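Me: I've got a structure open and I'd like to learn how to read it. Can you walk me through it, feature by feature?

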Amino acid sequence: MKNISILGATGSIGTQTLDVIRNSKDEINLIGVTANSSVDKIKDIIKEFNPKYVGMMDNESADKVNKFCIENKLNIEVLSGLDGLEKIASLDEIEMVVTSVVGMIGLKPTLKAIEAKKDIALANKETLVVAGELVMKRAKEMGVEILPVDSEHSAIFQALNGYTEKDVSKIILTASGGPFRGKDIDYLKNVTVKEALKHPKWNMGQKISIDSATLMNKGLEVIEAHFLFDCPYENIQVVVHPQSIVHSMVEYKDASIIAQLGSADMRLPIQYAINKKERKDQIASRINFYEISQLTFEKPDLETFKCLKLAYEVGAQGGLAPTILNGANEEAVALLLEEKIKFLQIGDIIEDSLKYFNDEKNKELTIENIVELDRKVREYIRGRWN
């Protein structure tokens, strides 16, 4: 029996992780869960899984969940705020934490889990984007495994099995291209939020869906891959693969390529990560190659979708530059979802922020400096574009 916590249990990855638990034949036990403010969804999780700990970022939501537990005479400890997330990430009873919260909020709980020697099934890419050097170093020191949940990084993880960095020529990250693949700048000037959220292949949360539409999601994945697999940026290639069947590839020094293929179902990489590379029974639908008409690959348009280009540049700069990129992107996406800016302004805001905070990016890479710079970037953007 494996005991786990899920940070972000009501989001897209969190709910699919619950499905993996349902199909685990009682091999996985859910000890702790967290959410932001989705009280009704958490109540449903409590009824089905009866976790020992629940954390809500929103204090009022925590009070409502606690009242529900008292009324139903449930022996569940309800926590609130970031302290609650950190406790649920580092419980003595658990072996692994699934970090599926979106954004910078996942950084401190992930580090807390590492300090407590808990393995990490990582779906919160921002943690490695802003602090990859610190996180991977500490994980190595503590003997903690970081197991990727993103379909692309899981594919690479699987393709690398049995090989080492010295065998690798390059990593090939595939991208669906999002809802605007093949569109030009003139077309993108007037796209709506609804159109940007309509991903052609994957069912994801709002923030990740917008990141996919701008190709920033792939840019963040490039930075994440650099840290996860200790691969130089010049050896990480992005190719657009609209069918989303080849999830990523590894090219070896002898020019052979190993790819991982599968249906567009996040439960498969979640299952693989939670079970630490052990193959379990089928959870995703099988591919029928007789029904696949073609697999195509294209070069990404870095001029139209400049977020990907910026991510490569920032990743190579290192230091605190990715903190600026990530914070600016999160705030710009939030402004788009609030319909306060246009789609193309996301890239412009990120570019402007990188210039405005240029003198900050070479400061010492510490958690304190990351958190402080992230705050400054967000305040700057809200003050200028809100």
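Me: Let's start with strands. In which sense do β1 and β2 pair?
Reply: The general idea is that strands of a sheet pair through backbone hydrogen bonds, either parallel or antiparallel. Keep in mind that this is a predicted model. Here β1 and β2 run parallel, joined by 6 bridges.

Me: Which strands make up the open sheet, and in what order?
Reply: Go across it and you read β4-β3-β2-β1-β5-β6-β7, 7 strands with parallel pairing. At the edges you find β4 (77–80) and β7 (146–148). Each has a single partner strand, so one side of each is left without a neighbour in the sheet. On average, neighbouring strands are turned by 20 degrees against each other, ignoring direction.

Me: And what does helix α5 touch?
Reply: Helix α5 (residues 107–115) packs on this sheet and touches β1, β5, β6 (119–122) and β7. Its direction makes about 150 degrees with that of β6.

Me: Is helix α1 largely enclosed or open, and why?
Reply: Count its buried residues, meaning those under 20% relative accessible area. In α1 (residues 12–22), 8 of the 11 residues are buried, so the rest of the structure largely encloses this helix. Among the buried ones are Ile13, Leu18, Val20 and Ile21, but also Gln16, Thr17 and Asp19. The cover includes β1 (2–7), β2 (28–35), α2 (39–49), β5 (96–99) and α12 (267–274).

Me: What about strand β9, and which strand is it joined to?
Reply: β9 (residues 236–240) has 4 of its 5 residues buried, so it is largely enclosed as well. Strand β8 (residues 168–175) runs parallel to β9, with 5 bridges between them. One to look up is Ile171, whose bridge partner in β9 is Ile236.

Me: How do helices α14 and α16 pack?
Reply: Two packed helices are described by the angle between their axes and the distance between the axes. For α14 (residues 321–337) and α16 (residues 367–385), the angle is about 35 degrees and the axes are 9 Å apart. The crossing is right-handed. Contact residues include Ile324, Ala328 and Leu335 of α14, plus Leu373, Val377 and Trp385 of α16. By class, this contact has 9 nonpolar, 2 polar and 5 charged residues.

Me: Last one, on cysteines: how many disulfides are there?
Reply: Searching the whole structure gives 0 disulfides. Cys69 is buried, at 1% relative accessibility, and Cys307 is buried too, at 4%.

Methods:
Residues numbered from 1 in each chain as written. Predicted model: local features only at pLDDT ≥ 70, side-chain atom pairs only at ≥ 80, totals over all residues. Heavy atoms only, no water. Buried < 20%, exposed > 50% of the residue type's maximum accessible area, 1.4 Å probe, protein only. Helix = DSSP H or I, 4+ residues; strand = E, 2+ residues; numbered from the N terminus. Contact = heavy atoms within 4.5 Å. Axes fitted to C-alpha atoms, helices over the stretch in contact; angles between N-to-C directions. Left-handed = near helix turned anticlockwise from the far one by under 90°. Nonpolar A, V, L, I, M, F, W, Y, C, P; charged D, E, K, R; others polar. Disulfide = S-S within 2.5 Å. Pairing = 2+ DSSP bridges.
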